[in-house]
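User: I have a model open and would like to talk through it before I set anything up. Could you take me through what stands out?

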Amino acid sequence: MSSVRVRFAPSPTGPLHIGGVRTALYNYLFARKNGGKMILRIEDTDQTRFVAGAEDYIKDSLKWCGIEFDEGVDGKGDFGPYKQSERKDLYVKYAQELIDSGWAYYAFDTSEELNSLRDAAEAEKSVFTYNAVTRKTLKNSLTLSAEETKALLESSEYVIRFKMPEDDEVTFTDAIRGDVTVNTSRLDDKILFKSDGMPTYHLANIVDDHLMEISHVIRGEEWLPSAPLHVMLYRAYKWEEPIFAHLPIILKPVGKGKLSKRDGDKMGFPVFPMSWKDPKTEETFAGYMENGFFPDSFINMLALLGWNPGTEQEIFSMEELIEAFSLERVGKSGAKFDPDKTNWFNQQYMKNQEDAQLLEALRPILAENEVKEYEDAMAIEVIGLVKERCVFVKDIWEQASYFFQTPTEYNAKVVKKRWKENTPTIITDIKGILENTDTWEAVPMHDLVAKYIEEKEIGFGAVMNALRLAIVGDGKGPDLFKIIELVGKEEAIKRLTLAIENIKR
């Protein structure tokens, strides 16, 4: 295989976990870094676990993440169909090839018979495995005569199993983990073709990867135990093996084990890229998109969850990730998910966003809060003043709603601390100063009020805090006179009047 061809091959059995997104991302980065092709294949051979809407969810999620495909189920590419359910007849041929070459056999054992063997083994505190030893005593084409086998093929349900060699060493090189060796005595005879006429993942996956000329199989470490079988299948077909790379799992933030949906529910963070409504239970699960994350920050976070660039750099554009990425710097150990660090990434992206871009994201929130009239230039300037303290676009509203709406309530704690008996008189004086100024700019207005405070010989902090309360309704916000400038003269005078009339200690 001279050219790099990788694939992301999810099953439409539910929403795409962020671990799956990371697998797709690493495939994408590797392909782009090496001038290769990225393929999207849908592996829907398990019809019993199919979930309506899952395929569209997967495609929409990857699109939001900015992960692009050169070939796949949307019609591009010369190696289709890219959906396994549309390749059904193809797998029959390749299953038969293994039968004919002696690498596979028919098995006629019923579910009841196999369950009985499992129960008997469990009673003896052991585990039943259909393998090179037990197959010699079970009902299959290796123990039955040709006539018996033929009769059962015509009258009974059957599966096709791989004939795993007895006591042999299987060695392959993993791009992340190095050489891996497994003795076949530890492996069972996996089912390759099911009684419903569909292949299992093991057969379909190998056949498709070969026919689609996949050069590198980059997937989660949960598939590592299956890798020896897959290597044996390549060798049984006398096909060149791809390079395997098994990625470390994403660990839960607290405790041990793989990050799950339950961890997200318990700790209040999403584990899916977009929100997902389960069609069976009607339950809805949160997504990063709906929670206000930028796709670039989400991808940046995921890229560093298992891969180390070898430098102190943490903020990467997609182009920079492509340039820096290599499988050699992917770790072997699980990577612990950190919700706080995830928020930190979004905060960094928030700071680096153009203020005008953030306004477009803020507009729906303004509309939702019935803010209908505002100057774009003013709103952009407001965003620039508060975004340093924001993690999400929704935080801009929480930090700056008073720029767009006249306060109707006043923080009781601030009132108690800052609004004294003589404060209404002072605010009335400042109102008069501002009404009579010809220059509505922050610095000149600040100087006028400062001069008044100096002449009256009153505390600067006490006056400014009370003035902020009158304008903002609270003790928060950026430069006070910048706020006064941006809300405008008419609105500022109105707020001072309302404060004088309504604030009571």
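**Loops, packing and overall form**

Analyst: Asp167 is found in the loop between strand S5 (159–162) and strand S6 (169–174), and I would start there, bearing in mind that this is a predicted model. Phi of Asp167 is near 55 degrees, which is a positive value in a residue other than glycine.

User: Is Asp167 buried or exposed?

Analyst: Asp167 counts as exposed, because its relative accessibility is 56% and the cut-off for exposed is over 50%.

User: How far apart are Glu124 and Lys256?

Analyst: In sequence, Glu124 and Lys256 are 132 residues apart, while in space their C-alpha atoms are 31 Å apart.

User: Peptide bonds next. Which residues does the cis one join?

Analyst: A cis peptide bond joins Gly80 and Pro81, with omega at about 0 degrees. Pro81 lies in the loop between strand S3 (71–72) and H3.

User: Since you mention H3, at what angle do H3 and H7 pack?

Analyst: Helix H3 (residues 88–101) and helix H7 (residues 227–237) pack at an angle of about 80 degrees, and their axes are 10 Å apart. That angle makes H3 roughly perpendicular to H7, since the range for that description is 65 to 115 degrees.

User: Which residues meet there?

Analyst: From H3 there are Tyr94, Ala95, Glu97 and Leu98, and these meet Leu233, Ala236 and Tyr237 in H7. The residues of this contact of H3 with H7 divide into 6 nonpolar and 1 charged, with no polar residue among them.

User: Now zoom out. How many helices and strands does the chain have?

Analyst: The protein chain has 20 helices and 14 strands. Its radius of gyration is 33 Å, well over the 23 Å that the globule rule gives for 505 residues, so the protein chain is more spread out than a compact globule.

User: What does the C-alpha trace span along its principal axes?

Analyst: The C-alpha trace of the protein chain spans about 110 × 50 × 35 Å along those axes.

User: What share of the residues is buried, and what is the accessible surface?

Analyst: Buried residues make up 50% of the 505 residues in the protein chain. The accessible surface of the protein chain comes to about 24900 Å², and 48% of that surface belongs to carbon and sulfur atoms.

User: And what about contacts between residues at least 24 apart?

Analyst: Among contacts in the protein chain between residues at least 6 apart in sequence, 72% join residues at least 24 apart.

Terms used: Residues numbered from 1 in each chain as written. Predicted model: local features only at pLDDT ≥ 70, side-chain atom pairs only at ≥ 80, totals over all residues. Heavy atoms only, no water. Axes fitted to C-alpha atoms, helices over the stretch in contact; angles between N-to-C directions. Helix = DSSP H or I, 4+ residues; strand = E, 2+ residues; numbered from the N terminus. Parallel < 35°, antiparallel > 145°, perpendicular 65-115°, else oblique. Contact = heavy atoms within 4.5 Å. Nonpolar A, V, L, I, M, F, W, Y, C, P; charged D, E, K, R; others polar. Rg over C-alpha atoms; globule rule 2.2 N^0.38 Å. Buried < 20%, exposed > 50% of the residue type's maximum accessible area, 1.4 Å probe, protein only. Areas by Shrake-Rupley, 256 points an atom, 1.4 Å probe, with all protein chains shown as cover.
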